[in-house]
Amino acid sequence: MGSLPSPHDLSTTFNPMDLTELSTESRLVTDFITQYYQTLETRPVQPLVKPGFLTSQLPEDAPFYGESMEEILSDVNEKIVPGLTHWQSPNFHAYFPASSSNAGLMGELLCSGLSVIGFTWSSSPAATELENVVVDWMAKMLNLPPCFQFSGGGGGVLHSNTCEAVLCTLAAARDKTMERVGDDKINKLVVYCSDQTHFTIHKGAKLIGIRPKNIKSLTTRRENEYGLCPNDLRNAIEADMKAGLVPFYLCGTIGTTALGAVDPIKELGKVVREYDLWFHVDGAYAGSACICPEFQHYLDGIELADSISMNAHKWLLSNLDCCFMWLRSPKTLIQSLAAEGTFLKGGSEMMVDYKDWQISLSRRFRAIKMWVVIRRYGVSNLIEHIRSDVSMAARFEEMVRAASDRFEIVFPRKFSLVCFKLRSNKKMVNGRKFNDDEYEGVKPSRDSELTRELMEKVNSSGKAYLSGVQMGRIFFIRCVIGSSLTEERHVDNLWKIIQETARSIMP
Ligand SMILES: Cc1ncc(COP(=O)(O)O)c(C=O)c1O
């Protein structure tokens, strides 16, 4: 690599916004990205590199003189891309997707190119108003009740991620509760969630000063499809109140991370209204699916919630990052998060100052990206995208079910997430043969070992990338269909790879 002498005298001609350069270099970068996507399918999804592989290839000090874009892109291609996990590969089925699209990318370009900061209405009026419009559009797409829309007295905001959204609601709920019970009661406040809830709730609760032992993960059960049981919630609240604690917040989930399970929103909502808790619904992944009428029943009772969040960057083709959050009473959140400064007057009492709806002051113009994505594709194509992933996941699930001598679906598929494991067909463990009764006792851990081996072998082949979960004694594989490039042939090929690998483990 090495630094080139500067072609210019920097003191007189340095112009970081040379418009001829902008035009030529942006073409270079988009060409580079196009070529990256053209070759993506053939690349190992997970890189075959060792720790330190990149650091050892790069100079220790920053270049003193600027370098050409060609030179930089050449290093991206040769040094950086080989060390990437290719999240946009059609063979990426791990975690949840971070779905990208041409419109998402163009929206990001506009966001970054216009580079405005709408922390108050007057700091960029169109940025604020476009965000108002886009969050109301999406609320209507999800069929959220008017109470979550600006037009119905509620409203929404675009955060970077769910952690931020949850943290903001926790702070609002804490302050509202402490106003009622007194500031000295912070050590008594209790947060509820289930043992399937994403760790974001634990992180957020600790950040706002909740004692770790007062963050209660209620156990879910198979008979409730791993949804939080309303009676368990009621019993926990009653017991905690008797012990002098102050229940104040519940997080429910539509589409849990491990299994895609859904908490019963309406029934939980009735319990929280009785005890006056803040109810947040986390739809980080599966919230997006509710733009399809066939999934909207999962939102039944959502009018009983105080807030709901959904990551459009997971499943709505919106390139990282964009988390929608809607509130029934934005006022409560604003009271908690508002920070004044004389230079920060909003300019209009009637308009939203988004600095008071989030943690930071500065913010990205995410609304323009979402506006581009929704306009470019229309609601119909976004619905089509979700349905096509769900149908490919259903196809994959069927193939796994049909191979029941060797595989087992551990939880009926919800959305586009299939959870499965290997079923060892030989009743041999460590060279010892077990009879049926004895075998039941050792089977889960034996199956788990084999399932983990299967996943690791598939991943290290580079042909596909899956993730797994250890739940109690059972380890299972999660296969998510969600990459924008995945087609049926990739799913069929994935199943072939899994079967071949399984045969190599359990001939
Ligand atoms: C259900 C759920 N909630 C929250 C999160 C965290 O999301 P973020 O990274 O946007 O904070 C995830 C991440 O996958 C998730 O699956």
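In what order do the 7 strands of the open sheet with mixed pairing stand? The order is β1-β7-β6-β5-β4-β2-β3. The structure is a predicted model, in which local features need pLDDT of at least 70, side-chain atom pairs count only at pLDDT 80 or more, and totals for chains, interfaces and linings use all residues. Residues are numbered from 1 along each chain as its sequence is written.

The chain holds 14 helices and 13 strands. Helices (H or I, at least four residues) and strands (E, at least two) are DSSP runs, numbered from the N terminus. The radius of gyration, taken over C-alpha atoms, is 25 Å. Of the 507 residues, 42% count as buried. A residue is buried if 20 or more other C-beta atoms lie within 10 Å of its own, exposed if 12 or fewer, and partly exposed in between, with C-beta atoms placed from the backbone. Contacts require C-beta atoms, placed from the backbone, within 7 Å. Among contacts between residues at least 6 apart in sequence, 75% join residues at least 24 apart.

In the 7-stranded sheet, β1 (155-159) and β3 (215-218) stand at the edges. Each has a single partner strand, so one side of each is left without a neighbour in the sheet. The twist averages 20° from one strand to the next. Such angles run from 0 to 180 degrees between N-to-C directions, with axes fitted as lines to C-alpha atoms, for helices over the stretch in contact. Strands pair if DSSP finds at least two bridges between them. Between β1 and β7 (residues 323-327) there are 5 bridges, and the two strands run antiparallel. Leu158 has Phe324 in β7 as its bridge partner. The loop between α10 (312-315) and β7 contains Asp321. The peptide bond from Leu320 to Asp321 is cis, with omega near 5°.

A second open sheet has 4 strands in the order β8-β9-β13-β12, with antiparallel pairing. Its edges are β8 (407-414) and β12 (467-471); each has a single partner strand, so one side of each is left without a neighbour in the sheet. Neighbouring strands are turned by 30° against each other on average, direction ignored. An antiparallel pairing over 5 bridges links β12 with β13 (residues 474-480). Here Gly468 stands opposite Ile477 in β13. Helix α12 (residues 366-402) packs on this sheet and touches β8, β9 (417-422) and β13. The direction of α12 makes about 155° with that of β8.

The ligand is surrounded by 14 residues, each with its C-beta atom, placed from the backbone, within 6 Å of the molecule. The closest are Asn161, Thr162, Cys163, His198 and Ala284. The shell divides into 5 nonpolar, 8 polar and 1 charged. Ala, Val, Leu, Ile, Met, Phe, Trp, Tyr, Cys and Pro count as nonpolar, Asp, Glu, Lys and Arg as charged, and the others, Gly among them, as polar.

Two non-glycine loop residues have a positive phi. Tyr95, with phi of about 45°, lies in the loop between α3 (69-80) and α4 (102-114). Tyr95 is partly exposed, with 16 other C-beta atoms within 10 Å. Asp276 has a phi of about 60°. Its place is the loop between α9 (265-275) and β5 (278-282). Asp276 counts as exposed, with 11 C-beta neighbours inside 10 Å.

Notes
Two residues are in contact if their C-beta atoms, placed from the backbone, lie within 7 Å. The radius of gyration is taken over C-alpha atoms; the globule rule is 2.2 Å times the number of residues to the power 0.38.
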